[in-house]
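Got your viewer open and your selection tool ready? Let's take a walk through the side chains together, one stop after another.

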Amino acid sequence: MTEEKKYSYWINSAFYSMLQRLTVMVFGIASFMVLSRTLTQGQRGVWDLFLMITANIELFRQALVRNAYVKFLNSSPDPEIPSIRSAALALNTVITLVIILALGIFTVPFCEFLHAPELIPVVYIFIVGIFILIPFSHFEWTQSAYTDFRGIFWAYMIRQSSWFIMMIIHLLIFGEITLTQLSMYYTLGIVVGTIASFQFVKKYLSKGFIVSMVWIKNLWNFGRIIFGSSLSTFLFRNADQLLIPRMLNTAVLAVYTTSLRIINILDLPSLVISEIMFPKSARVAAFGSESHLKYLYEKSVGSVLSLLLPACAIILIFPQLFIIILAGKQYLGAVVILRVMLVNSLFSAFLKQFATVMDSSGRARINFRLISAMAILCTILCWIFLRSLHNPIGAAYALILTHAFGFCISQFFLYKYFKVNFLNTFKYALAFYPEMIRIIKDKTQSTWRTIF
């Protein structure tokens, strides 16, 4: 196998997946820059809480359906495929309706706990968007199962751009915008994105709907374990954002989430590689060997580190520049927090791929237990540091200690089951640069020969 073929899966799959993630990131940054200069810090803190809620709603639904759907679609015989698709759609619908019911019951007490009453109408408006997410997510997961990321890219491009354009037009006409209006435009973006996504996914969809309780049960049994991990992930990722407005205020949260926005940009390579790696590792787990999973883990983390390490170095040197460009001088209080949080990006590169390997190889319980332990530890540490320091930097310290704990435990299990050596990831990271330069050079020369 030539080197070009060896890396073709990663390059071709990563292209549209990276574009899709970049689309979300670019419009997320653009809207963040606009709203940081349009809303008060308190209002922006409330909007950040809303985005946290919406992101985790999608996380829960993905955990219960997506991973199981992708895994079984890639490891089951062709005659079972229509039943699997139908079971995934049915489970997706039921879970979404349960989430809507839960929001109707718990939104008010939840917002009161956060001292953010302005959040209540924003969430209620978005309930319509949650219902529209049923077809949107089913279309996305189906394309992901077939590693066809082109349609996913265009769906997210249209979804993100449409709501952003509506927001900009509103600001140009009226000069200001309310949080409820932002929620309305955000919901309309999902509707437009769903219509666009259908044009790409319809070739994969079954014409009939086959109700198979066997497959619904199979998907549920697999998904509920990952859902447990997602609940813990929710607490782990958001303990800081939930406790800061409770113990401090939403304006302080706005400063803290400014640093998180930059960290989320650094997480982009990990997210892309995880998305590409899951269907690949599911096939390897079903038909390959553990040595192949070892290679996939080390290679994927190495690819992430090759991009992450130089980016972290640049941000570490010029944090003020990034914050001023992103949010403005009024958010320079996030500089110290940002420098501390850079360490977490490096740990996340290892932990995200650990979760992918464990879930796809049928060891989701291990990932669940680790994430649960990290969630408990993070919550306790956040409470202790925020209460003692009265400063959001305490939450950053809590995250570093939690990530370090998770890294050590995850590497123990990776070595136990797959003989993974995390030092190999740095070897692959260094090898990434000359390999990509050579492949790009060969591609360029081949293109020129074809033209001339």
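Two rings of Phe, Tyr or Trp (its six-membered ring) form a pair if their centres lie within 6.5 Å. Keep in mind that you are looking at a predicted model.

Start by selecting Trp 47, Phe 50, Phe 126, Trp 163 and Tyr 186: ring pairs join these residues into a cluster. Across the model, the count comes to 23 aromatic pairs.

For one of them, select Phe 385 and Tyr 397. Planes over 60 degrees apart count as edge-to-face; these two planes stand at 80°, with ring centres 6.5 Å apart, so the pair is edge-to-face. Now colour the helices: Phe 385 belongs to helix H13 (residues 364-389) and Tyr 397 to helix H14 (residues 393-418), so the pair links parts of the chain 12 residues apart.

Next, go to Tyr 415, where Lys 419 lies over the face of the ring, 4.9 Å from the ring centre. Then move to Tyr 428: here the charged end of Lys 427 sits over the ring, at 5.1 Å from its centre.

Finally, head for the largest nonpolar core, a set of 126 residues. Trp 47, which you met in the ring cluster, is among those with the most contacts inside this core, along with Leu 119 and Leu 182. Last stop: centre on Leu 119 and display its contacts, which include Val 46, Leu 49, Phe 50, Ile 53 and Cys 111.

Methods. Residues numbered from 1 in each chain as written. Predicted model: local features only at pLDDT ≥ 70, side-chain atom pairs only at ≥ 80, totals over all residues. Heavy atoms only, no water. Phe/Tyr/Trp six-rings, centres within 6.5 Å; stacked < 30°, edge-to-face > 60°. Helix = DSSP H or I, 4+ residues; strand = E, 2+ residues; numbered from the N terminus. Lys NZ or Arg CZ within 6 Å of the ring centre and 35° of its normal. Core = buried A, V, L, I, M, F, W, Y, C linked by side-chain atoms within 4.5 Å. Buried < 20%, exposed > 50% of the residue type's maximum accessible area, 1.4 Å probe, protein only. Contact = heavy atoms within 4.5 Å. Lists of a residue's contacts leave out its neighbours within four places in sequence.
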